[in-house]
Amino acid sequence: MSLTEIPAFARADGPDKVSGLGRYTADLTLTGMAHAAFRYADVPHGRIVELDTSPARAMSGVVAVITDADVPDIYLSAEIADRTLFARDVVRYEGEVVAAVAAVTPEIARAAAAAIVVRYEVLPAVTDIEAALGENSPLVHESWDSYATSGDVVRDRNTAMRSELHRGDADAAMATADVVVSGRYVADASHAVPIEPRAVVAEWQGDHLTVHTSTQVPFDARSRICETLELPTSRVRVIVPHLGGGFGGKCGAHFEPHIAALAKVAKRPVKLVFSRYEEFIAPDRRREGMIVDVATGVKHDGTIVARAAWLGIDNGAYMADATFFPQLAAMHVAGPYRTGSLKIEADLVYTNRQPSGSVRAPTAPQACWAIESHTDEIAVALDMDPIEFRRRNLVATGDVGPMGQVYDEIGALECLELATASAQASADQKPLGPDEALGVSMGWWPTFAVAAGAFAKMHADGTVQLVTGGQECGTGAVMTLRNLAADELGIDPELIELVYQDTAVAPEGPGASGSQTLLNHGRAVEVASQQIAAQLRELAADHLEAAPEDIVLAESKASVAGAPAASVAFTELVERAGAELLGTASVEMPEYPELPTSSTCIGDQGMGAWLAPQFSCHVARVAVDRDTGVVRVSEVHTAHDSGTIINLMGAHGQVEGGVLMGVGQALTEGTRYDDEGRQRNAGLLEYKLQTIADAPSIHTQFVEIATPNAGPRGAKGLAEAPNVATAGAIANALAKVIGQRVRELPMTAERVWRAQTADQSSTTTEQDQS
Amino acid sequence: MTLTIATSVDQAIALLASGARPIAGGTDLVVGARQGKAPLPDQLVAIDRIAELAELTSTDSETRIGAGVTHARLMTDGLIIERHTAIADAAALVGSPATRNVGTLGGNVMNGSPAMDTGAPLIVMGAEAELRSADGTRRVTMGDLWTGPGQISARDDELCTSLVIPAGGPGSGSAYVRLEYRRAMEIAVVGAAAAVTLSDGVLTSIRVALTAVAPVIIEIGDLDNLIGGAPDRALHGAVAAAARDQATPISDLRATDEYRRHTIGVMAARAVDAAARRAAGEQIPVPVNRSLGIGAAQ
Amino acid sequence: MNPSSPMSPSSPMSQQINLTVNGMTWPVAVETSRNLCSVLRTEIGLTGTKEGCDDCECGACMVLLDGQPINSCSYLAAQADGREITTVEGLADGDELHPLQRNILSAGGVQCGFCTPGMLMSAYALLDRNPEPSIEEIRIGLSGNLCRCTGYARILTAVHETAVELNGA
């Protein structure tokens, strides 16, 4: 059976999920289990002047109350060690955990958390990105210069990290332009919103800790527990039951250490289950708000000669994982175009808001929305068709990326042609109405890779266990690993059992983050499977009296090439071996493309060269109710260069989900804050996800070109890329209908209405080059 | 706390007199308690199994909708769609299918929210609420019942048993439209109901009421000067202007006062347009929001 | 222990009720303030019904009450006394998945699976009252169930395919 003949999607966890019998973390109950509740800061910036937990301790049914005083004195976060598990002296966002309570019921735990007395000296809240950079702004972290940092962290006052991307002399190049178009774009923060709110169950047996948790990154969770509670890795086991979605929102700090510490004190298992409100305010994960100020100089023929930009990115109160945001966002603002000279500066700014962290394609949807809006505005200023303008400037094989990477085979142009042709064909069939338009946006996203391992076992009954450190968060990427192994071994994927959610048995891996599951674990699975296949061939060669290289493995049988009639079953071969067949693979991080030494970037976080970059084009068909500003998206046509598609149904599912999340970001999903940095719409009525009644039809094509440096069978990642381009496409269609640009994201009905009543055009300056 | 499942109006009234609060679908009460807005009352009486409250009856001159009739029934009932189309329009937009299955008209009315969808249709149709207590039965108009946001003039011992609505005459039509950011799971940002009567293409009556632009749902006053005219663009414009003039909206998470004032005019004009078209015999399926693509819905 | 829930300020009292769940009657003592979702998940041990929000906005907790879908997170268990409740665990016929369960899986309408039980209950109730729904009717019928993974396309396909399958027999 070849890979393409393997059933479209053998979703091993499917029956569990549709029957309701599968267990998610919140479904677990352990004997004697207590329930946790947190006391949050509520005050976004304040100095703790009194913290009295005695009222909670006095309550009947309370089994543990802990604060900063009860855990090791450790500052955490890998990049800037700027926080402690529980608030110490100063609170810096409303959802910061001040204390934790365990009690025999969730209701008592919540009541006890509420009974804790905390008084603050309220400090001025820093909530505006630009004001925070001013000399006179209060500081979010007064003693930041004492924090430990790792790597090349460039920071100052409220600047948590700064990156600058320079190529050529942008000022001089800009002066040679025929037309300079400049504009400002402001994106609100948004949220990942997995439908499962997070849950953690921690249990000690002696000095060994087991944590069941809804994390996307079990090994990262284990590291953080070990780091903050000063435990050896060997005594901590993290198990992830079924995981109800993540989208990055369940990476990073996940409250496992808090619950483990509570369980230690309570001397019984403790369970935490978040409400939706907590899911909004507490985690160190939200999609960062962003300001993009950009100017681009072009020639009349569409040649881009220079781009200059400043980006302000809202980091929130603490460093989650965002030090790479400025560099990555700057590269996105450079765009997938041949942009001549560049001068892009990006500041990641501390504020008294919830920390920002990697949510599905961090920084890209906002930066892409801004730059693709800008791209259409340039085309308008040149009186050029936006598709033609892109066609002339898109990067192609052999072109140079923003940091000097020379692209190998890439399919950006193919994506543009396929998606626009699909949308146009649909519009030819059903002509656009007077309030409708098509809008185009390009997108791109890196392919990340790290080292990974895999174990494989073939049992005497011919079934296989595949053990990896991958984590299934819904994408199906782990499920797809079965297809690779099945192909290597010549067996039905149904015979393969996946073991992937237990740090005690699996080799370490990056988990469900960075679209890496197939790329990393897939490489390891191939090698481990090949090891077993080689053993099968050796055993069969002996039995069939042929050379191992002539042995064909198919349908759980081995035969000699050209003589399929004489075959031997795998079960018999394993029996002959006298023991199960084992494969053990550890694959290294692939080599990234080299960068020219001449590239200059301040605050380089290693984003400069991308392994097998992914390109995409989305085209949205949009209708506008001009009187109210309400926008509906009826169709989205996409084309993705994500390398070889291993599992077509799973791939379509990733694109469709990413597109709908993009529609939400474009139109209805934006977090609102009060003046002190508290979220005002931390609930699903006022933070509006798209419903099935809103969902557009989505038409996807995959551009499968042979990409060097890609993963197994030429696959790249695909979980994040579909979330990049949709908002930009909607923005451009919307602007065509109303003749005005909406400069804030989400482009809510009211913002669309306002854009129609006030001119918000970009500044276009004609420069005399005669 | 306790919950008693009542099986008759008399039983429910007796429990209300002793301090219990009524619960039907619980969509307001239980959600409110979960969000910490107000704790659940100490004594509850479930009224969703009282057969009398689920009755929907009619005569030539009026329709009587039991307080326990659900939104799901209102949006599909032939008589309501025929006679009181705006109520069906509104019921079809409430929350989600699950909310519509348990949420009741009486629960809506007695919750007194200025954002309720069924309120404006009840006003423009001249509905009255029938309130029963140990002291007897009385009827109040919607305008007299709703006194402020979440405030009603009914006493705690009074149970709303039904809504009584005069049957519209020949040539009458009604519609409810609302502004919605999504096509489902919405709460009114603003909304408007209209009921009109046409005779030989000329307007002989018009009533328009507005949702979520004042502390209570309000009826637009001084529309009588429009009677005698045609249901044309000028009429829409005049209604929109009157709606904007008489609305006193606030700014909140969902919209600014300025945007509400603008869109209430749009919704009022659209409601009048749809109502007049229905009065002229055009079949516009319920809910008009989805049939006409209000908010570019198609 | 003396729980004091934010849901009920006074001391709680238990009520003895009978819940008929997936055809089996369970006598349970519940505090009046307890919602049906919580009772199903903890007292009766059926955890297929999920909880995803605080306010009837996501539909993960959807069950059928006398055949009608409701959000069990915001429905008092005591109010369901004596009524028939169907949860996702009640859809399959023994080991045989209901066609909706089978089709949502084969169409690719399941990713993380957390919205799936509620989605299935909505779809089941929809097909029960409207065996031949149009695409628009399916959209409206499932509009109370939020899914973050799939973009809904394959869920829509699965429900449509099931209607055709059930009618075409």
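In chain B, residues 24 or more positions apart account for 65% of the contacts with a separation of 6 or more. Two residues are in contact here if their C-beta atoms, placed from the backbone, lie within 7 Å. Before I go on, this is a predicted model: local features need pLDDT of at least 70, side-chain atom pairs count only at pLDDT 80 or more, and totals for chains, interfaces and linings use all residues. Residues are numbered from 1 along each chain as its sequence is written, and chains are lettered from A and ligands numbered from 1 in the order in which they are written.

Staying with chain B, its secondary structure comes to twelve helices and 14 strands. Those are DSSP runs, helices being H or I with at least four residues and strands E with at least two, numbered from the N terminus. The radius of gyration of chain B is 19 Å, close to the 19 Å that the globule rule gives for 298 residues, so chain B is as compact as a globular protein of that length. That radius is taken over C-alpha atoms, and the rule is 2.2 Å times the number of residues to the power 0.38. The C-alpha trace of chain B spans about 55 × 45 × 35 Å along its principal axes. Of the 298 residues in chain B, 59% are buried. Buried means that 20 or more other C-beta atoms lie within 10 Å of the residue's own; 12 or fewer is exposed, in between is partly exposed, and C-beta atoms are placed from the backbone.

Now chain A. It has 18 helices and 29 strands. Its radius of gyration is 27 Å, close to the 27 Å from the globule rule for 770 residues, so chain A is as compact as a globular protein of that length. Its C-alpha trace spans about 85 × 75 × 50 Å along the principal axes. Buried residues make up 63% of the 770. Of the contacts in chain A with a separation of 6 or more, 80% are between residues 24 or more positions apart.

Chain C next. It is divided into domain 1 (14-90) and domain 2 (99-168), with bounds from an automatic or database domain assignment. The C-alpha centres of these two domains of chain C lie 22 Å apart. In the contact between them, 15 residues of domain 1 meet twelve residues of domain 2. On the domain 1 side, strand S3 (62-65) and strand S4 (68-71) of chain C each supply at least two residues, and S3(C) gives the most, with three.

Which parts of chain B touch chain C? The contact takes 26 residues from chain B and 32 residues from chain C. On the chain B side, strand S1 (2-5), helix H2 (29-34) and helix H6 (97-102) each supply at least two residues. H6(B) gives the most, with five residues. By class, the chain B side has 15 nonpolar, nine polar and two charged residues. Ala, Val, Leu, Ile, Met, Phe, Trp, Tyr, Cys and Pro count as nonpolar, Asp, Glu, Lys and Arg as charged, and the others, Gly among them, as polar.

Last, chain C against chain A: 48 residues of chain C are in contact with 53 residues of chain A. The elements of chain C that give two or more residues to its side are helix H2 (99-106), helix H3 (116-129), helix H4 (135-141) and helix H5 (153-168). H5(C) gives the most, with four residues. The chain C side divides into 26 nonpolar, 15 polar and seven charged residues.
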